[in-house]
Amino acid sequence: MAYKVDHEYDYLFKIVLIGDSGVGKSNILSRFTRNEFCLESKSTIGVEFATRTLQVEGKTVKAQIWDTAGQERYRAITSAYYRGAVGALLVYDITKRQTFENVLRWLHELRDHADSNIVIMLAGNKADLNHLRAVLEQDAHLLAEKEGLSFLETSALEALNIEKAFQTILLDIYQIISRKALAAQEAVAGLPGQGTSINVGDYSSNLSRRNCCSN
Ligand SMILES: Nc1nc2c(ncn2[C@@H]2O[C@H](COP(=O)(O)OP(=O)(O)O)[C@@H](O)[C@H]2O)c(=O)[nH]1
Ligand SMILES: [Mg+2]
């Protein structure tokens, strides 16, 4: 979704967190939006999404980041979760090989349910546990390259690359939207007198807002 709203922010982007249970999605979210980390594993925090507003290329962008409530354990994420998402952070745990093996399944899930232009970043979380590493960084790099994803190793615990991961996704989304807007302007310039509707493709949808979100 990409709404232009006066004053508060220039753009609102929905980003979804996906990946196996226990890889650190909820802690990545709390680190990014509240600078908090929780060592205990609480499978359900109950927040549907949290937001943070930041600057991207001089624009005020509100990132609305959706977290699962543990449905990923049963592969029961509904299509509503993906609806309107323009970005996805696909997380695995560098200490659990299986969570990396499952990345391809998550990519299929995205292909089935999300917009085909969705910007995807692969995140190898728990990089602080290097001594327990079960996935080589190089292997993840190769997979990301093959699948056309951005890639970073992150640590929600140590706040490593969490900002960078979201900044990268948001910048990619912003650049796609700017390019589309520019192309639309050029189309108008080439056809004087004609009105145009800027099609930002699938970057629009209804915004569901809950009281639980921060900001
Ligand atoms: N060492 C370490 N543990 C983490 C990290 N991120 C999350 N965890 C722990 O991993 C467990 C699962 O995290 P959680 O955020 O609930 O994962 P989710 O099921 O993907 O939402 C919790 O015990 C967290 O404290 C990290 O970057 N490093
Ligand atoms: Mg969670």
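Q: Before the ligand comes up, what makes a residue near a molecule?
A: A residue is near a molecule if one of its heavy atoms lies within 4 Å of that molecule. The structure discussed here is a predicted model.

Q: Which residues come nearest to ligand 1, then?
A: There are 22 residues around ligand 1, and G22, K25, N27, C38 and D128 come nearest.

Q: What kinds of residues make up that shell?
A: The shell around ligand 1 divides into seven nonpolar, eight polar and seven charged residues.

Q: And which element gives the largest share of it?
A: Helix α1, residues 25-34, supplies the largest share of the shell, with three residues.

Q: Which atoms of V23, S155 and L157 lie by the oxygen atoms of ligand 1?
A: For V23, a backbone N or O atom lies 3.3 Å from an oxygen atom of the ligand. S155 places a polar side-chain atom 3.4 Å from a ligand oxygen. In L157, a backbone N or O atom is found 3.2 Å from an oxygen atom of ligand 1.

Q: How much of ligand 1 does the protein bury?
A: Ligand 1 exposes 590 Å² when taken alone, and the protein buries 91% of that area.

Q: Changing topic: how many helices and strands are there?
A: The protein chain has six helices and six strands. Starting at the N terminus, the order is β-α-β-β-α-β-α-α-β-α-β-α.

Q: How much of the chain counts as buried?
A: Of its 215 residues, 46% count as buried. In soluble globular proteins, nonpolar side chains tend to be buried together.

Q: Which residues have the most contacts inside the largest nonpolar core here?
A: That core has 57 residues, and those with the most contacts inside it are F13, Y82, L89, Y92, L110, L122 and F166. Helix α6 (residues 162-190) contributes the largest share of the core, eight residues.

Q: What does Y92 touch?
A: Setting aside residues up to four places away in sequence, Y92 touches several residues, including V23, F100, V103, L122, V135 and F151.

Q: Now T68: where is it found?
A: T68 belongs to the loop between β3 (59-66) and α2 (79-82).

Q: Why does T68 count as buried?
A: Its relative accessibility is 5%, and buried means under 20%, so T68 counts as buried.

Q: What does its side chain pair with?
A: The side chains of T68 and E72 are joined by a polar contact of 2.8 Å. Beyond four places in sequence, T68 also touches L17, K25, I77 and Y81.

Q: And S21, where is its place?
A: S21 sits in the loop between β1 (11-18) and α1.

Q: Why does S21 count as partly exposed?
A: The relative accessible area of S21 is 29%.

Q: Which residues is S21 in contact with?
A: Apart from neighbours within four places in sequence, S21 is in contact with E72 and R73.

Q: Last one: is T95 buried or exposed?
A: T95 is buried, with a relative accessible area of 18%. This residue lies in the loop between β4 (87-93) and α3 (97-101), and its side chain makes a polar contact of 2.8 Å with the side chain of D93. Neighbours within four places in sequence aside, T95 is in contact with L129, L132 and A134.

Notes:
Residues are numbered from 1 along each chain as its sequence is written. Chains are lettered from A and ligands numbered from 1 in the order in which they are written. This is a predicted model: local features need pLDDT of at least 70, side-chain atom pairs count only at pLDDT 80 or more; totals for chains, interfaces and linings use all residues. Side-chain values use heavy atoms; hydrogens and water are left out. Helices (H or I, at least four residues) and strands (E, at least two) are DSSP runs, numbered from the N terminus. Buried means under 20% relative accessible area, exposed over 50%, partly exposed in between (1.4 Å probe, protein chains only). A polar contact is a pair of N or O atoms within 3.5 Å; within protein, one must be able to donate a hydrogen and the other to accept it, and residues adjacent in sequence count only if both atoms are side-chain atoms. Contact means heavy atoms within 4.5 Å. A nonpolar core is a set of buried Ala, Val, Leu, Ile, Met, Phe, Trp, Tyr and Cys residues joined through side-chain atoms within 4.5 Å. Accessible areas come from the Shrake-Rupley method with a 1.4 Å probe; for residues, only the protein chains shown count as cover. Ala, Val, Leu, Ile, Met, Phe, Trp, Tyr, Cys and Pro count as nonpolar, Asp, Glu, Lys and Arg as charged, and the others, Gly among them, as polar.
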